[in-house]
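Student: Hi! I have a structure open and I'd like to go through a few parts of it with you. Can we start with a helix?

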Amino acid sequence: MDALSRYEPIVDDFEAFRSACRRPLPPVVRVNTIKTTTERARQGLQEAGIELDPVEWHPGLLRLPEDQPGANWPYSHGWIHGQEEVSAVPATVLDPQPGERVWDATAAPGSKTTQLAALMDDRGLVVATDNNMGRLSALRSNTERLGVTNVAVTNEDARNHSLKPFGGELYDRALVDVPCSCEGTIRKNPDTLEEWSLGHVEGIAGVQKGILTRAIQATREGGTVVYSTCTFAPEENEGVLDHVLEAEDCRLLNFELPLAYRDGVTEWDGETFDPQVERAKRIYPHHNDTGGFFVAKLEVTG
């Protein structure tokens, strides 16, 4: 838990934050609206003898009391999919529309990819990219179980993503939920921080900058890019945004979330970031009884 101490200056009620990080994370599933409705899924779970607690801010998310939310027939039939509550935030913020072209830059194993497809009513195109073939197998399995048909899969480094297989046309929207130091997943994976190092944080931030840069370049003028991580480190969050704001034609947008959050930080460890980064949102475990998360919404301006 020592790695978390570095965030005491930017976290309100730090003891509550640390205490929340020690508690197990409640299991959550997302209703797959490609195959069913929220009401039918709830009825199916109740018929299977499973108690559920709807998530207040998102009607399609259900908290379950069991450790294995996939051990029931609604899951097997593709009516629900295990997805951490805050993991549903980025696609909700991106808000893709039916018929659009959307890039999921680091897609596997597919929770957010399939959520994007459902938001689009399985119409249009979602290009799902990942550089890990094993994880792509899980993505393909999930899309099949959930009945998704509008997803095309590419195996490549997102930093070098090619538009050629898709006619060279720019995307309307892009989701950039990057690989990170995963500090915010400590409630799900208590050993996450055992091998934590500042060197890893700084190194992965370089990868994140490359992926977000490519997403902005691959999205049309006026299009939307959502950047997100499951970490608290400003180096991987506001620092990455600061980099692309200076290097690329984009701006950060104001947006609201229907759950508790704190604004992005503009200063960290002696460094000052672009004031726009304050428009990003930090979600801490003690505010909503969730994992930790960071999300920002950008508009491509050129």
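Student: Which exposed residues sit on the face of α1 turned away from its buried side?
Tutor: Those are E15 and R22. Keep in mind as we go that this is a predicted model.

Student: Ok, and which residues of α1 are buried?
Tutor: In α1, which spans residues 14-22, the buried ones are F14, F17, R18, A20 and C21. They cover an arc of only 160° around the axis, so they lie on the same side of α1.

Student: Why do residues three or four places apart point the same way in an α-helix?
Tutor: Because an α-helix has 3.6 residues a turn.

Student: What covers that buried side of α1?
Tutor: The cover includes α9, residues 285-288.

Student: New topic. Where does UniProt put the "active site" feature?
Tutor: The UniProt entry, which is unreviewed, places it at C230. You'll find C230 in the loop between β9 (219-229) and α8 (238-247).

Student: Is C230 buried or exposed?
Tutor: C230 counts as buried, because its relative accessibility is 17% and the cut-off for buried is under 20%.

Student: What is C230 in contact with?
Tutor: Leaving aside neighbours within four places in sequence, C230 is in contact with C180, C182, E183, G184, T185, G292 and F293.

Student: Let's do strands. Which way do the residues of β1 point?
Tutor: β1 is residues 28-31; V28 and R30 point one way, V29 and V31 the other way, and all are buried.

Student: And which strands does β1 pair with?
Tutor: One is β3 (residues 61-63), which runs antiparallel to β1 and is joined to it by three bridges. Another is β4 (residues 80-82), also antiparallel to β1 and also over three bridges.

Student: What about positive phi?
Tutor: D13 has a positive phi of about 50° although it is not a glycine. D13 is in the segment before α1, and D13 counts as exposed because its relative accessibility is 51%. D289 is not a glycine either, and its phi is positive at about 55°.

Student: Where is D289?
Tutor: Look in the loop between α9 and β15 (293-300). With 27% relative accessibility, D289 counts as partly exposed.

Definitions and conventions. Residues numbered from 1 in each chain as written. Predicted model: local features only at pLDDT ≥ 70, side-chain atom pairs only at ≥ 80, totals over all residues. Heavy atoms only, no water. Buried < 20%, exposed > 50% of the residue type's maximum accessible area, 1.4 Å probe, protein only. Helix = DSSP H or I, 4+ residues; strand = E, 2+ residues; numbered from the N terminus. Arc of directions from axis to C-beta. Contact = heavy atoms within 4.5 Å. UniProt positions renumbered as here; feature names shortened; annotations may be inferred. Pairing = 2+ DSSP bridges.
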